[in-house]
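Please keep the model open while reading, and check each contact against the coordinates.

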Amino acid sequence: MLKKELFEVISCPSCEESAFDVFDLPDEGEFRECGAIVCKGCQALYSYQNQILSLLAPELADADREIKLLDHYETSLPAAARARKEVILQQAKKGTDETWKIAEKEFWDHKKYGRQISRNRRHAYEYNRFEVRKKHLTDPIRHEIEGKFVLEVGAGNSATLYYILNPEKYHYHLFVTELSYNGLLLARQLHPTGYFIQCDATQLPFREQAFDVIFEFALLHHLPDNINALERHIDFLKPGGYLGTHDSTNRRGAFLAGMRFFKKYQLEQSEHNEFVDEKAAIAMLEKKGTIVHKHIEYSPVRNWLINFSDRFIGLNNAFFHFAFVTIDQLIIRTIGRIWNKMDGNILIVLWKKS
């Protein structure tokens, strides 16, 4: 059974209606904690399994998994289930123009989180990512979030918040969104009290002003037209709510990363590794609220050091992390001010909505 708080924030991706009929289904065989919701406005049906609600358009749906569920419970579901199945099959036959999103979904489902599931790997603490997010984004507001609704967009396995702002410790409601179903399966292991929604980050299925805090960690550079996506995301914040984002910008070119020697030590990335236009993002945010804190990091030297250490040392070594941070800030504040190709390339912003 889906938790009642979920229905306080979701809306239908097709018509934006916020009222649904709920069909909870009994556990049978491989199907656990599953069912469907039907929009009272347009009668669109969306299924859930393992407490993960899929609010994807038919062209992005996990066709095999969803059709298997709808077939198994065909007699227990309304006619809308048959309509959903037919649309998914039609989309599968004719293909889709959403090639960017499909490629991202495939990469994270199979190359990243699918491997983590198959190897039964628990996500380790990564000083490189988690410490900076803790210092600049979560620590400043951690005493303000008890009982609040917090959304993590494009969360992957949501390991960041598990380690640095655990909802069981700070007593808030965590809503986790991700395009990859496997990513959400991993997130659910970390956050047993969370709410999990499989959806498209460019078309979030929520009511406006539903959340008190939104976090986006390394999400925007994977999205087409990421500034417009960011502007749309802040519509889901209540007035006075916080946005915390940590992402790659267009401050410099990939200098060392482009050299043949350093390419050997690059981490595997999806094919859509773009940049956020820093000036455009800051200008948009300043029009709609107040930038509470801004931090720049990640010179090309640190980029290479991190990738190299991941191969030979691991990312959960505190000593090397703090050494790399010191070197990084020294380079940014000296050479980086003279030669922009050695400047930082990661923008961290904590922002408050007016």
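## How β3 is covered

Which way do the side chains of β3 point, and are they buried or exposed? Leu45, Ser47 and Gln49 point one way from β3 while Tyr46 and Tyr48 point the other way, and all are buried, where buried means under 20% relative accessible area, exposed over 50%, and partly exposed in between (1.4 Å probe, protein chains only). In a regular strand the side chains alternate between the two faces of the sheet. The strand, which spans residues 45-49, is mostly covered, with 5 of its 5 residues buried.

## Helix α1 and Gln198

Helix α1 (residues 63-72) has Arg65, Glu66, Ile67, Leu69 and Leu70 among its buried residues. The cover over the buried residues of α1 includes β2, β3, β4, α2 (79-94), α7 (181-190) and β7, with contact meaning heavy atoms within 4.5 Å.

Gln198, in strand β7, is buried, with a relative accessible area of 0%. The side chain of Gln198 makes a polar contact of 3.1 Å with the side chain of Ser54, and a polar contact of 2.9 Å joins the side chains of Gln198 and Asp62. A polar contact is a pair of N or O atoms within 3.5 Å; within protein, one must be able to donate a hydrogen and the other to accept it, and residues adjacent in sequence count only if both atoms are side-chain atoms.

Most residues other than glycine have a negative phi, and most peptide bonds are trans. Glu16, which is not a glycine, has a positive phi near 70°; Glu16 lies in the segment before β1 (20-24) and is exposed, with a relative accessible area of 60%. Gln209 is also not a glycine and has a positive phi of about 60°. Gln209 is placed in the loop between β7 (195-198) and β8 (211-217), and is partly exposed at a relative accessible area of 45%.

## Salt bridges

How many salt bridges does the structure hold? There are 17 salt bridges, each being a side-chain nitrogen of Lys or Arg within 4 Å of a carboxyl oxygen of Asp or Glu. Lys238 forms one of them with Asp212, the closest N and O atoms being 3.5 Å apart. Lys238 lies in strand β9 (residues 237-248) and Asp212 in strand β8, so the pair ties together parts that are 26 residues apart in sequence. Lys238 counts as partly exposed at 30% relative accessibility, whereas Asp212 is buried, with a relative accessible area of 14%.

The side chains of Arg232 and Asp235 meet in a salt bridge (3.0 Å, N to O); Arg232 is partly exposed at 28%, and Asp235 is partly exposed at 26% relative accessibility. Salt bridges that share partners join Asp62, Arg65 and Lys105 into one network.

## Basis of the values

Residues are numbered from 1 along each chain as its sequence is written, and side-chain values use heavy atoms, with hydrogens and water left out. As the model is predicted, local features need pLDDT of at least 70 and side-chain atom pairs count only at pLDDT 80 or more, while totals for chains, interfaces and linings use all residues.

Methods. Helices (H or I, at least four residues) and strands (E, at least two) are DSSP runs, numbered from the N terminus.
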